[in-house]
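Open the model in your viewer and keep the selection tool at hand. The tour goes from one selection to the next and says what is found at each stop.

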Amino acid sequence: MEDLWIGLGILLLLIIIFLAPNIKMVKENEAIVIERFGAFSRVIDKPGVYMLIPLIERAIQNVPLSKIERHFNVSLTNELLKETHKIRYTYQVVDVMLFVYAALDSVKAFETYIQNQTNETLKLDHISVEILEETAEVFGMKLHSINIL
């Protein structure tokens, strides 16, 4: 009879180990992108605890939905000029699916776009805020503010 209880205990432990990674918690101001068989299935953006179907569904990325402030440096280089400026911007994810699937890292892609534009013009003043807002929309973000320090 003891062997039966040990066997059931081991079976229960294996079931818990198999199911535990498929339990996801969504916090307030957060969303999770779910794929089913490797294709987009849904976005969960309501707070709560969710159970994914093992081996069929997987959580791709947790996306914060609140405003986020970021800083990065932009280098202006020319044979005569070498300057570094700090750019501070605030964004918010408005389209979760686009944010996840537009690029491997949408935030880094947006920063790379700003860097490339400054290298082409060699001036930060000539970059239009409207163009940056449109570019942010391509990555599923809404640009709230941008400051050059």
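Start by selecting Asp45, which is partly exposed, with a relative accessible area of 40%. On this scale buried means under 20% relative accessible area, exposed means over 50%, and partly exposed lies in between, computed with a 1.4 Å probe on protein chains only. The model is predicted, so local features need pLDDT of at least 70 and side-chain atom pairs count only at pLDDT 80 or more, while totals for chains, interfaces and linings use all residues. Residues are numbered from 1 along each chain as its sequence is written, and side-chain values use heavy atoms, with hydrogens and water left out.

Lys46 and Asp45 form a salt bridge, with the closest N and O atoms 3.9 Å apart. The term stands for a side-chain nitrogen of Lys or Arg within 4 Å of a carboxyl oxygen of Asp or Glu. Lys46 counts as exposed, at 54% relative accessibility. By this rule there are 6 salt bridges.

Next, select Glu35 and Arg58. Their salt bridge has its closest N and O atoms at 3.2 Å. Glu35 is in strand S2 (residues 30-36) and Arg58 in strand S5 (residues 57-64), so this pair ties together parts 23 residues apart in sequence. Strands here are DSSP runs of E with at least two residues, helices are runs of H or I with at least four, and both are numbered from the N terminus. Is Glu35 buried or exposed? Glu35 counts as buried, at 7% relative accessibility.

Move on to Arg42 and Glu57, whose side chains meet in a salt bridge of 2.7 Å, N to O. Arg42 belongs to strand S3 (residues 39-44) and Glu57 to strand S5, so the pair joins parts that are 15 residues apart in sequence. Arg42 is partly exposed at 27% relative accessible area, whereas Glu57 is buried at 5%.

For the last stop, select Thr135, in helix H4 (residues 129-138). Thr135 is buried, with a relative accessible area of 11%. Which backbone oxygen does the side chain of Thr135 reach? The side chain of Thr135 reaches that of Ile131, at 2.8 Å. Show Phe110 and Tyr113 as well: leaving aside neighbours within four places in sequence, Thr135 is in contact with both. Contact means heavy atoms within 4.5 Å.

Methods:
A polar contact is a pair of N or O atoms within 3.5 Å; within protein, one must be able to donate a hydrogen and the other to accept it, and residues adjacent in sequence count only if both atoms are side-chain atoms.
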